[in-house]
Amino acid sequence: MNVLIYLVPLALLLGLSGLAGFMWTLKSGQYDDLDGDALRILRDDDIES
Amino acid sequence: MAETLDLSQFVEHANSGAAHMTLAVDGVACAGCIRKIESGLTGLPGVIDARLNFTQRRLAVDWRDDEIGAADIIQALERIGYRAHPFAPERAEEDDGRQAKRLLKCLAVAGFAAMNVMLLSISVWSGSVSDMTHVTRDLFHWLSALIALPAAAYAGQPFFQSAWRALRTRQLNMDVPITVGVTLALALSLYETAVHAEQAYFDSAIMLLFFLLCGRYLDLAMRRKTKVFAGNLASFKAEFAHRLDAKGELTRLPISGLRAGDRILVRPGELIPADGTILTGSSAIDESLVTGETVGRAVAPGATVYAGSTNGSGAITLKVVAAGTGTLVEEVDRLLEKATAAKSRTVRLADRASRLYAPVVHSAAALTGIGWLIAGASLHTAIVTAIAVLIITCPCAIALAIPAVQVVAAGQLFRSGVIPNSGDAIERMAETDTIVFDKTGTLTLPELVVDDQSLDADLFERAARLALSSHHPLAAALARRARQRVPYAGAIEETGSGVRAPIDGREARLGSAQFCGLGDMPLPAAGQASCICFAYDGRTGTIPIRQSLRPDAAAVVTALVKLGLDLMVLSGDRPEAVGPVADRLGLRQWLAGLTPAEKIEVIETLKAQGRRVLMVGDGLNDAPALAAAHASLSPITAAHLTQTQADALFLGDRLAPVLAAVVASRRARSLMRQNLALAVIYNALAVPIAMAGLVTPLIAAVAMSGSSILVTLNALRARLGVPLSSSALADDSRTAPDHGLMASAADAQCPAFAGHDHVEQNRIRMERVS
């Protein structure tokens with residue numbers, strides 16, 4: 001069972017990075033306009049051609 | 001006219017010369033609108049950034065102040081086809097936004113911790129029936145503690161703080177038992193871990209927080225949604241006033257920028273923007289929104305006029321007086337204060353449940369502990385069992401079930417064109433057994449309707465086209481019926497009399513009887529507000545202009561009676577105007593000519609008979625009655641003060657939302673009761689098990705999540721059984737309650753494709769709103 005010594009912290013670290021990612025998306029306002037973002041994703045006029 | 005627009009109160013300036021403004025945009029319906037608005041504005045010189053929030057229908061614009069002004073931006077939007085209204089967010093709305101972010105953060109932390117602790121807990125549970133050593137189990141318990149304790153300290157803050165606030169004022173709320181339960185569960189688990197015991201409740205405590213935070217967030221999300229919507233509507237409705245400065249120059253500014261003592265000009269046909277006394281000019285004003293009276297009142301210098309009335313024939317200048325100093329307004333304010341104080345006594349279902357709940361749960365836990373001690377168990381066993389009772393009874397069902405029903409029901413109401421102002425509005429509307437209607441603007445449409453049978457079709461069309469050149473409110477009703485929307489060239493409006501224009505070389509006149517050479521004006525007959533006269537080429541005629549019932553009023557009234565509700569009309573208008581309306585709807589109980597105080601008196605009498613009254617009204621004179629009633633509804637066209645008193649607003653020309661509100665809220669209430677019953681059943685099953693000391697962390701986890709999922713699923717049933725009115729509303733695209741916010745049905749007529757037609761549509765819609 002010694003493998004747990006590094007597997008558990010590794011799993012927690014992965015989980016924490018997910019949590020940190022969520023906090024970042026929240027902070028950068030990605031949940032402020034959910035309906036708008038659903039429509040914006042279909043726009044392609046922001047692609048430089 | 002060279003008139004400057006003053007929007008300074010809405011613009012925020014940064015040091016670098018950059019300015020920022022938020023606008024509520026009407027008519028945004030699809031992806032095309034986003035692109036059109038944003039690229040249309042960023043293409044302007046001086047505009048730094050424009051970003052449309054599609055969910056809230058709000059546009060944030062940044063620009064350099066020296067290159068372009070706020071007024072230019074609004075004009076540019078209007079050219080593209082969107083009506084934008086400067087918007088100052090209210091403090092309460094900003095606070096809610098911050099609160100929602102904080103709850104989401106707590107929710108994320110609690111969710112993360114709950115998942116990881118559960119991962120460890122399941123290992124322990126399965127390990128305890130296989131080959132896990134106690135060393136590994138202790139490691140897992142310590143790891144759980146490491147995750148759960150900081151997470152609970154962070155994610156539990158909303159509950160801890162609220163419980164502390166309640167305790168400091170010597171009160172109990174739902175958060176007190178939550179705080180006690182979570183803290184004790186964590187403390188017990190920590191102790192058990194330290195003494196190498198087999199069981200710990202870290203997973204229960206943190207999962208409990210997660211479920212409760214879900215309930216909190218749902219509750220707040222619903223309130224935010226309705227607040228944003230109401231905020232936008234308020235800014236769409238916001239009128240502009242013309243302020244006269246000392247030199248006699250005019251500035252156009254939003255009403256909220258007016259101060260007491262300002263001099264303002266009100267042109268014929270305009271809404272009077274503020275309470276005031278007349279300095280110069282005389283006119284007849286329509287006070288139907290204020291008093292319900294449909295016949296205009298003649299006013300002269302020195303007279304007091306109220307905000308919300310419509311100016312009739314003559315231009316007047318007013319001196320603005322501080323809000324609430326007119327005799328009528330003072331009276332309304334005084335009555336409001338009394339009525340609102342009485343209303344705060346009603347208790348929400350959830351609060352009632354939680355008041356019962358905390359003492360029962362805490363004494364059950366205490367009894368369990370004492371019982372086990374008396375039965376000869378060790379102190380440790382007694383405390384562990386008592387805490388298990390607390391954990392298993394933690395109020396997930398109440399804290400999650402009622403908000404979940406409210407959110408689903410509020411969404412349902414939204415789709416039917418009803419905007420609830422508060423969560424408990426739904427509960428109170430469901431309890432009502434009597435509906436009291438106001439007449440003017442509630443049973444009848446807020447705007448006047450002309451009778452087109454009174455004249456030949458071609459003569460009528462000429463009259464309607466001529467009416468396009470007039471500012472008079474009666475003429476506006478006629479002008480709406482013009483098929484060709486082009487005013488005649490050379491039309492001259494003679495203030496106070498009418499409008500005349502040459503048509504095909506012969507003069508046509510539209511206006512008062514004298515003006516058209518018809519002698520004395522005939523008195524308005526019953527049910528008619530007024531007449532307008534027309535003379536052309538030797539032919540003359542009078543066009544009756546009257547109020548018309550909302551198109552589905554009769555059907556809705558029948559349906560409401562079928563639901564077992566008692567209906568009544570209380571109006572401030574004359575008996576001869578109220579009687580025919582009540583007759584046509586088959587309402588036998590009606591009272592006319594009531595003052596605001598008399599309306600309250602009637603409602604108090606009904607209350608004394610044990611009835612619960614739903615008041616539906618729009619006038620300023622209805623505001624105290626709305627506050628006094630058990631629940632209240634207002635059409636969106638209502639006076640501002642009235643809207644703030646109403647529990648819910650409804651949109652559109654139809655009365656159907658009233659029916660939808662009653663049906664949907666009754667359904668929601670029965671679901672809330674079902675959920676509470678489920679919670680009681682759950683406790684009745686689980687508490688004896690807990691008291692017997694048989695609850696393991698596994699049973700606690702299964703029972704808690706199971707009951708939470710059950711009540712949430714039950715809440716979703718509020719979506720089933722769509723109220724009949726939503727389909728009735730949708731088939732009338734002209735009155736679709738979209739305002740750009742409820743866009744589902746309005747996509748077909750998206751302004752991005754319809755171009756300038758849309759401005760016209762919006763203009764008509766705005767007229768209807770104001």
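Predicted model: local features only at pLDDT ≥ 70, side-chain atom pairs only at ≥ 80, totals over all residues.

Reader: What makes B:Arg57 count as buried or exposed?

Author: A residue is buried if 20 or more other C-beta atoms lie within 10 Å of its own. B:Arg57 has 25 C-beta neighbours inside 10 Å, so this residue counts as buried. B:Arg57 sits in the loop between strand 4 (47-53) and strand 5 (58-64) of chain B, and has a positive phi of about 60° although it is not a glycine.

Reader: And why is B:His196 called buried or exposed?

Author: The cut-off for exposed is 12 or fewer. B:His196 has 11 other C-beta atoms within 10 Å, so it is exposed. Its place is in the loop between helix 6 (175-194) and helix 7 (202-237) of chain B, and its phi is also positive, near 60°.

Reader: Why do strand 1 and strand 13 of chain B stand at the edges?

Author: The open sheet of 7 strands in chain B runs in the order 1-8-7-9-15-10-13, with mixed pairing. Strand 1 (4-5) and strand 13 (304-305) each have a single partner strand, so one side of each is left without a neighbour in the sheet.

Reader: How do you know that strand 9 and strand 15 of chain B pair?

Author: Pairing needs at least two bridges. Strand 9 (residues 263-266) and strand 15 (residues 316-320) of chain B share 4 bridges in the antiparallel sense, so they pair. There, B:Ile264 stands opposite B:Leu318.

Note on methods
Residues numbered from 1 in each chain as written. Chains lettered and ligands numbered in written order. Helix = DSSP H or I, 4+ residues; strand = E, 2+ residues; numbered from the N terminus.
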